[in-house]
Amino acid sequence: MKTSVIFATFSIIGLSVFLFWARFNVYDHDTAITVNDDRDSYTFTAHYDRRETGRVESFINRNISPDQMGSSENDYVDANTRLNDNTCFYIKESAGKLKIRLDKRINGTASYYRVKKMCEGVKELLAGK
């Protein structure tokens, strides 16, 4: 009886550790990027290694300068933003996740290409180019 209780306890602890790992992707090294470019909007979504968050934030900050997004790997951003050149876009960023959506109906062609070029740069950065 005592052996089965010890076995059950270790099984529950093991399952809990696995579920924690699976939920928070503690060792997630996969990169997934999705781009949707239709008539009305441009959407870029990326899931990547959490350790790349600082590099991604720095890259985006260089591209939207003099404006700034987050400055720390632990920052969480969920905002509609307007840059100095009147480019408006939605950005949601947290450790290992990024989503940028640009509404083409309210932005000009130059704004569209600026955001698209930035997103392509993020894609290259995550690909290690």
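## A salt bridge at arginine 114

Arginine 114 is partly exposed, at a relative accessible area of 26%; buried here means under 20% relative accessible area, exposed over 50% and partly exposed in between (1.4 Å probe, protein chains only). The partner of arginine 114 is aspartate 85: the two form a salt bridge in which the closest N and O atoms are 2.8 Å apart. The pair ties together parts that are 29 residues apart in sequence, because aspartate 85 lies in the loop between β3 (77–82) and β4 whereas arginine 114 lies in helix α3. Aspartate 85 is partly exposed as well, with 41% relative accessibility.

## Basis of the model

This is a predicted model in which local features need pLDDT of at least 70 and side-chain atom pairs count only at pLDDT 80 or more, while totals for chains, interfaces and linings use all residues. Residues are numbered from 1 along each chain as its sequence is written, and side-chain values use heavy atoms, with hydrogens and water left out.

## Overall architecture

The chain contains three helices and five strands, arranged along the sequence as α-β-β-α-β-β-β-α. Helices (H or I, at least four residues) and strands (E, at least two) are DSSP runs, numbered from the N terminus. Of the 129 residues in the chain, 32% are buried.

## Helix α2 and its cover

Helix α2 spans residues 53–63, and its buried residues are Thr53, Gly54, Val56, Glu57, Phe59, Ile60 and Asn61. The elements covering these buried residues include β4 (88–94), β5 (97–103) and α3 (109–127).

## Further salt bridges

A salt bridge is a side-chain nitrogen of Lys or Arg within 4 Å of a carboxyl oxygen of Asp or Glu. By this rule there are six salt bridges. One of them joins the side chains of lysine 104 and aspartate 37, at 2.4 Å from N to O. This pair links distant parts of the chain, 67 residues apart: lysine 104 is in the loop between β5 and α3, and aspartate 37 is in strand β1 (residues 32–37). Lysine 104 is partly exposed at 23% relative accessible area, and aspartate 37 is partly exposed at 34%.

Another salt bridge connects aspartate 49 with arginine 51, with 2.8 Å between the closest N and O atoms. Aspartate 49 is buried, at 12% relative accessible area, whereas arginine 51 is exposed, at 57%.

How values were computed. Contact means heavy atoms within 4.5 Å.
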